[in-house]
Amino acid sequence: MSDSTSDVIVIGGGVIGLSCALYLLKAGASVRVIERAQVGAGASHGNCGTITPSHIAPITAPGAVGRALRSLWRRDAPLHVSPWPDPARFAWLAGMTKFCNWAEFSRIAEARSALLQRSRTVLDELLEIEQIDAGMQRTGTLYVYRDGRQLQSEQWHAEWLQRLGTAVQVLDGDELAAMEPALADGVAGGFFHPDDASLRPEKLVAGLAERVRVLGGHIEERMPVRHLQTRSRAITRVDTKRGRFRAERVVLAAGAWSPKLARQLGLHLPMQPGKGYSLTFSPSSQMPQRPLSLREASVCVTGWSDGLRLGSTMEFSGYDKRMNTRRLEAIRRAAATYLKVSEGPELTERWWGWRPMVQDELPLIGPSARWSNLMLATGHGMLGMSMAAATAELVAGLCAGPAPLLDPSPYAPSRFGL
Ligand SMILES: Cc1cc2nc3c(=O)[nH]c(=O)nc-3n(C[C@H](O)[C@H](O)[C@H](O)COP(=O)(O)OP(=O)(O)OC[C@H]3O[C@@H](n4cnc5c(N)ncnc54)[C@H](O)[C@@H]3O)c2cc1C
């Protein structure tokens, strides 16, 4: 078996790996993406496609651990931790508790906001320059509350956004109903985020892959990386069943699978898969005009010209591949409470995906402190679509220059000794 060589190998063909590949190609590097299955086989396929500079709050907000513990016995709760004993999952949750305070919240929210805002700008430029049709809709997003007490208790959301320079409008029930006629009666109020947007994730992934190929990048599909060969402090070869590859640098962008590969290098990424589900329908007879976050139910509704998607749940059940139909039914029931028409005539897809969740809910972007030619680009949790463009800009800048505009230090893997 002969070895193929390129400047950079990117492991993982999701939105993060493909975006990094594209930016590296544009910076003049030769790039090979190695993908276990096919591009978009992971979380980047059936997600809700919202692009949300407004989503600054990590799930590590104070009180998160209590909520997680209360969910242990409710298999249809929006946030569910499987009670099945798994030392790795419980160690991860225990480690999360040190981030559940307002000082950490402030640090994390600021870092998320900086990356999200930069990504929103860079994504617009990317779609324009590369002529990618991802169904981008610049309509803003709405948070919808039916329970006035919950709306009151989450006023801090608007205060934090204002503090971080992200536009937000607080709406009472009448204003919200007037703004979104698809909502059923009985809404208490909400928040409008005018700078948010949405796109069809499958289209973005396909568009990125096409541009990578057009710019001369290689995408190897159905080729799981099996082994990372090392010498001294460097990765010298990436081995798959069908080929061996060498490169100056390796970018690890394997989403929720990243910890499995990193373990070969002695790196323990503080990550767990956070399973989410979605149902996609043909367009309904009364589509919402912009994506909705149904707050009490934690369900996201996104409509496009060719479909309507309901997505939700954060299930910590390890690498469990089962489709939990109870969860899908809970999503359908919740959406039916908030919307006049919550489904289209045809159910076109039932899907689940693993979000790559880092303990502090900030991604791991940047060079490894332990391996001289390893760059991490993983751990984007609930926000990979929203953060991909700025992540790619950072990775390309750190690998090939020029120095990125955004300060990379809050996302540095070295914060966990990686
Ligand atoms: C229900 C749901 C709704 C969501 N909604 C949104 C949203 O509205 N907005 C938003 O911003 N984000 C959203 N997300 C989060 C978003 O989907 C993820 O953050 C993002 O897709 C992560 O991208 P990724 O490229 O890191 O991972 P993935 O898309 O999972 O890609 C990783 C790739 O690595 C490959 N791989 C794994 N192991 C190997 C190996 N050994 N060798 C080679 N390749 C390998 C996998 O096959 C996979 O294709 C949502 C997620 C879910 C589950």
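## Strand β12 and its partners

Valine 10 has valine 251 of β12 as its bridge partner in this predicted model. The pairing belongs to strand β1 (residues 3-11) and strand β12 (residues 244-252), which are parallel and joined by eight bridges. β12 also pairs in the parallel sense with strand β19 (residues 374-378), over three bridges.

Strand β11 (residues 234-240) runs antiparallel to β12, and two bridges join them. Aspartate 239 is placed opposite arginine 244 of β12.

Serine 232 lies in the loop between β10 (225-231) and β11. Its phi is near 55 degrees, a positive value in a residue that is not glycine.

## Helix α1 against α8

Helix α1 (residues 15-26) and helix α8 (residues 201-214) have axes that come within 9 Å and cross at roughly 30 degrees. Angles under 35 degrees count as roughly parallel, and α1 and α8 are therefore roughly parallel to each other. The crossing of α1 with α8 is left-handed.

On the α1 side the contact uses Val15, Leu18, Ser19, Ala21, Leu22 and Leu25, and on the α8 side Leu204, Val205, Leu208, Ala209, Arg211 and Val212. By class, the contact of α1 with α8 has 10 nonpolar residues, one polar and one charged.

## Helix α1 against α11

The axes of α1 and helix α11 (residues 384-400) come within 8 Å, crossing at roughly 40 degrees. That angle makes α1 oblique to α11. α1 and α11 cross in the right-handed sense.

From α1, the residues in contact are Val15, Ile16, Ser19, Cys20, Leu22, Tyr23 and Leu24. They meet Gly384, Met385, Ala388, Ala389, Thr391, Ala392, Glu393, Val395, Ala396, Cys399 and Ala400 of α11. The contact of α1 with α11 comprises 14 nonpolar residues, three polar and one charged. Val15, Ser19 and Leu22 of α1 take part in the contact with α8 and also in the contact with α11.

## Helix α4 against α11

Helix α4 (residues 102-130) also meets α11: their axes come within 7 Å and cross at roughly 85 degrees. α4 and α11 are therefore roughly perpendicular to each other. α4 contributes Leu115, Leu116, Arg118, Ser119, Val122, Leu123 and Leu126 to the contact, while α11 contributes Ser386, Met387, Ala388, Ala389, Ala390 and Glu393. The residues of the contact of α4 with α11 divide into nine nonpolar, two polar and two charged.

Ala388, Ala389 and Glu393 of α11 meet α4, and these residues of α11 also meet α1.

## The segment after α11

Proline 402 is in the segment after α11. Glycine 401 and proline 402 are joined by a cis peptide bond, with omega at about -5 degrees.

## The shell around the ligand

There are 43 residues around the ligand, of which Gly14, Gly42, Gly255, Gly276 and Gly384 come nearest. Gly384 of α11 is also one of the residues in the contact of α1 with α11. At least two residues of the shell come from each of α1, β13 (271-281), β17 (347-358) and α11. By class, the shell has 21 nonpolar, 19 polar and three charged residues.

How values were computed: Residues numbered from 1 in each chain as written. Predicted model: local features only at pLDDT ≥ 70, side-chain atom pairs only at ≥ 80, totals over all residues. Axes fitted to C-alpha atoms, helices over the stretch in contact; angles between N-to-C directions. Helix = DSSP H or I, 4+ residues; strand = E, 2+ residues; numbered from the N terminus. Parallel < 35°, antiparallel > 145°, perpendicular 65-115°, else oblique. Left-handed = near helix turned anticlockwise from the far one by under 90°. Contact = placed C-beta atoms within 7 Å. Nonpolar A, V, L, I, M, F, W, Y, C, P; charged D, E, K, R; others polar. Near = placed C-beta within 6 Å. Pairing = 2+ DSSP bridges.
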